[in-house]
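I opened this notebook to keep track of what I looked up in the structure, going from the overall figures to single residues.

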Amino acid sequence: MKLRKMWLNINGVNRIFICDPEKDTLASVLRRIGLTGVKVGCGKGACGACSVILDGKVVRSCARKIRAIPEYSKVLTIEGIGTPQHLHPLQVAWMNCGAVQCGFCVPGFIVSAYALLQENPAPSREDVRDWFQKHRNVCRCTGYVQITDAVMAAARVLRGECTIDDITFKNPADGQYYGKPVVRPTALAKVCGLADYGDDQELKMPAESLHAAVVQPRVAHHARILNIDTDEAERMPGVVRIVQARDLIAAGGTNLYAEGHFHERTTVLVPSRKVLCDDKIYRYGDVVAMVVADTRDHARAAAAMVKVEVERLPEYLNFLDAVMPDAMRIHEDTPNIFSQQPVFKGAGLEDPARVAELIDGSAHSVSGSFHSTREPHLSIEGCTVQSYWDEDGQLTMQCKSQGVYSGLGRLGNALCAKDKLRIIMNPTGASFGWSTNAGDIALVGACTVVTGMPVALSLSYEEHQHYSGKRCPGYSNARLACDGEGRITAAEFDLGLDHGSYSWGGDDIIIKPARFAFFPYKVPDAVGLVRVANTNHAFGTAYRSYGSPQAYTFSEALMDMLAQETGIDPFELRWRNIARPGDLNLNSHSFMQYPFEAMMEAMRPHYQRAVREAREKDTPQVRRGVGLAWGAFNVTEGGTDNATVDLELNPDGSVTKFDTWQELGQGGDIGSVMVTLEALKPLGLTPEQVRLVQSDTKLCKDSGMSAGSRSHYMNGHATRIAGEKMLAAMRKADGGFRSYAEMVAEKLPLKYTGRYETAVTPGLSRLDPNTGIGNPSPAYTYALNLAEVEVAADTGKTTVIRFVCVDEVGKIGNIQAVNGQAFGGISHSIGFALSENYDDVHKHTNIDNSGVPYIKDIPDEIILVHMEQYNQHGPWGSSGASEAFQASGHVAVLNAIANATGVRIFEMPATREKVKAGLDLLAAGGKVLPPRKYFLGSDLYEELESIKANPVPFGGNEFYQPLGGAGERPF
Ligand code: FES
Ligand code: FES
């Protein structure tokens with residue numbers, strides 16, 4: 001290795017350092033000298049997280065080789081822009097405008113914005129958007145609107161048009177915090193580049209710590225492993241150990257993830273996933289060994305030298321191939337379709353075939369086959385984890401996790417005795433669902449178990465992309481019918497979900513489409529079936545609005561197709577069919593709340609304006625259209641959900657809140673503060689007096705996952721209960737409250753636990769696996785979406801120019817956090833509709849080539865209308881406030897394209913090529929038809945008859961039966 005001494009003027013100071021001119025980038029040097037505000041996400045110049053200013057120009061430092069930079073060049077990083085004591089207006093604006101969610105993109109954005117304002121002190125919003133587009137700054141969390149707000153606010157301060165004070169949230173004098181835009185407690189560190197995410201933790205570990213790299217052969221999607229040859233790799237510099245499955249087993253782990261299944265129709269008999277594959281590879285991203293070495297580079301170099309010999313097996317890369325009659329079993333214990341959930345309603349309950357007759361006999365009916373993609377989450381930070389034995393002998397893993405306790409459950413005894421495990425959440429660069437799976441945690445934990453040493457693992461973005469789970473693609477055949485007045489008479493659907501290589505979670509997701517198809521309409525008679533199958537692609541995992549987008553893909557498209565068929569306006573058709581009090585959902589149960597008329601009334605003027613403008617502005621060159629889509633999602637994980645938190649009084653009168661409200665950018669930090677302030681309102685605490693200890697299984701009780709739109713609802717209730725106990729203990733006879741000293745003097749406890757269970761809500765039950773009847777949720781969130789698009793007739797390119805969302809999330813706890821979830825969910829929906837995919841493993845390797853939306857792909861005009869009806873079951877009238885925002889926005893976009901052009905996209909994403917092909921077909925006098933009806937494993941009605949003839953015992957609200965003794969604490 002030939003090194004070079006070098007000087008750069010960094011943040012106004014000449015700094016000397018030693019570098020490797022062949023390997024080092026500007027980003028790697030800056031991070032090594034401690035400027036870890038320079039974040040590395042994509043690592044290839046696509047995301048802008050690593051932006052710095054080099055000699056006055058914004059550059060992406062991960063893509064700048066240090067050898068190409070002249071000595072004494074001037075570099076400005078986030079650390080040189082402002083500090084916690086001396087914040088720049090941009091940093092203040094970012095914190096106060098809701099532009100900080102996970103924060104991983106924030107330093108790069110602020111640096112970029114700083115350069116913009118140097119060049120143009122009075123930019124328009126479009127100037128700001130052009131700038132971030134040009135500099136490739138990506139934010140996956142916020143949907144960009146609040147970021148543009150922040151730049152505009154900071155620019156006003158810098159021009160002297162207002163003061164910092166004017167753009168800073170102030171604590172209300174009346175102590176009414178609930179609903180207000182209180183700033184997140186983690187925001188300050190994030191805007192200053194001082195939040196230490198996983199890779200930053202790695203840099204700051206003790207010097208003797210080791211580094212791991214994955215042996216991810218990427219030679220096949222399905223193969224038998226014949227030999228893993230490590231000889232050459234073991235001789236590589238710095239290698240300490242190559243860890244294979246047999247080493248982990250010899251060290252006491254089972255190498256098997258704990259796996260639980262609860263659905264009575266699930267056929268899986270044994271856990272399907274291993275930490276390290278030793279006999280078969282089931283997908284492209286599987287890992288067969290870990291190389292542990294003294295440096296990350298040495299580990300990666302050696303991992304590349306491990307030779308894996310395989311015998312290729314038939315590869316089934318989608319649901320349709322995997323369910324063909326001649327397909328081999330991917331896992332020997334189970335047919336490829338490993339679970340099913342039927343839905344029977346009305347006449348369908350007695351006789352499924354009657355529903356087909358009703359559809360055939362209705363005045364109007366429409367049908368189609370639809371495909372939704374394997375949507376990748378595309379958080380800017382990928383997998384980065386650390387593990388070590390802590391001072392109490394616990395195998396401790398620091399990671400990104402949406403459920404630290406569920407992570408423990410998922411690991412079971414895979415690594416060591418399960419009671420030896422501890423999981424701590426790092427500051428996290430978003431997840432949107434993929435970190436529910438604990439896979440990367442297991443890989444690094446295995447290295448520590450085998451070597452006894454602290455180990456860090458950081459996957460490249462491509463490795464992460466292949467290793468992590470994705471949203472299940474859906475394939476559906478569906479029909480919908482109505483009478484002459486446009487009232488729905490009957491519906492049928494058959495949906496196949498591609499759950500990829502592993503089955504865990506597959507019999508959970510099938511419940512969702514069975515609940516959200518045709519929600520929130522009154523459908524008197526219906527049948528449906530959701531089937532889930534293994535394939536050899538990425539395994540299915542959680543993603544915001546888990547399982548409902550696949551249902552809305554067909555049901556909201558069919559609503560528009562029915563509108564066209566009947567000649568009734570799409571808004572009016574929906575108006576005629578939304579459920580009113582007394583109407584039952586597809587699961588023969590109450591909708592719990594009926595805000596639908598009010599929401600449509602709120603949307604009506606926006607719709608009328610959009611239709612009018614589309615008519616006025618449509619041209620042959622630029623076609624303009626409007627699309628609607630109803631959406632909704634459940635709140636909580638059902639009738640057995642529970643959450644536990646602690647509140648502790650501190651000597652200075654402040655309160656410490658202990659919980660596992662995992663903060664991934666969605667607002668786990670500020671949500672926890674808001675509910676604590678509300679629970680302890682009589683004490684008159686300020687946000688600064690609420691300290692958080694979160695997401696460490698040693699220190700915090702289990703408040704459950706950050707998933708299922710459950711956190712605010714469940715944690716809020718648990719905090720309310722803990723607060724009531726604390727207030728009761730502190731209250732004096734005169735109505736005042738004891739001080740800390742008085743509590744101690746009277747020997748009163750200082751710490752109070754609150755536990756809440758959804759079981760207190762009467763009538764909750766799982767869906768019956770034989771009928772689809774049930775009511776799993778105490779509350780819902782709802783979103784009615786309106787997309788306005790322009791389609792370029794010459795290219796087929798679609799641009800969403802405006803988006804309106806009317807939502808009902810109950811009383812809002814923190815307005816900026818809810819807005820952030822809405823903007824973010826809508827931006828993912830637009831990406832889902834138009835570009836995002838993980839299908840071609842050779843192409844979809846990073847965020848840009850997987851279709852992540854940049855700022856100009858998302859409209860600046862996103863109008864949010866929060867209805868805020870009081871939720872009778874939720875804490876302080878709140879419900880959940882996340883996943884409905886991503887349930888169906890993609891169909892609003894697809895419906896708008898169809899409205900603009902006549903081209904209906906049945907198989908997502910709606911790329912410009914597909915839209916252009918449809919336009920060309922129409923121009924040639926053809927017709928855009930749905931794909932040929934999919935074969936989903938069997939005839940729908942024969943399968944439904946078979947299910948009716950073979951009922952399974954229904955376990956009511958019992959969840960998660962462990963498999964084969966391996967899953968002793970199943971999640
Ligand atoms: S552009 Fe450098 S990390 Fe993405
Ligand atoms: S806040 Fe921008 S990526 Fe998370």
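I began with the surface, and I found that the protein exposes about 32,000 Å², of which carbon and sulfur atoms supply 51%. I note here that I am working with a predicted model, and that every value in these entries is computed from it.

Next I looked up the charges: there are 98 positive and 112 negative side chains, and the centres of the two sets lie 4 Å apart.

For the fold as a whole, I recorded 28 helices and 30 strands. The radius of gyration is 27 Å, close to the 30 Å that the globule rule gives for 971 residues, so I wrote the protein down as being as compact as a globular protein of that length. I also noted that the C-alpha trace spans about 80 × 70 × 70 Å along its principal axes.

I then asked how much of the chain is buried, and the figure is 64% of the 971 residues. As for the contacts with a separation of 6 or more, I found that residues 24 or more positions apart account for 80% of them.

Turning to local features, I looked at strand β3 (residues 51–54) and strand β4 (residues 57–60), which pair in the antiparallel sense over four bridges. The two strands form a hairpin with two residues between them, and I noted that Asp55 in the turn has a positive phi of about 45 degrees. In this pairing, Leu54 stands opposite Lys57 in β4.

My next entry concerns Gln402, which I located in the loop between β16 (395–399) and α14 (404–411). Is this residue, Gln402, buried or exposed? Its relative accessible area is 7%, and because the cut-off for buried is under 20%, Gln402 counts as buried. When I looked up what Gln402 touches, leaving out residues up to four places away in sequence, I found Ser431, Phe432, Gly433, Trp434, Ser435, Thr436, Gln662, Leu664, Met705 and Ser706.

Which residues is Met592 in contact with, leaving aside its neighbours within four places in sequence? I listed Asn775, Ser777, Pro778, Tyr780, Gln872 and His873.

Conventions. Residues numbered from 1 in each chain as written. Chains lettered and ligands numbered in written order. Heavy atoms only, no water. Rg over C-alpha atoms; globule rule 2.2 N^0.38 Å. Buried < 20%, exposed > 50% of the residue type's maximum accessible area, 1.4 Å probe, protein only. Contact = heavy atoms within 4.5 Å. Areas by Shrake-Rupley, 256 points an atom, 1.4 Å probe, with all protein chains shown as cover. Lys, Arg positive; Asp, Glu negative; His and termini not counted. Charge placed at Lys NZ, Arg CZ, Asp CG, Glu CD. Pairing = 2+ DSSP bridges.
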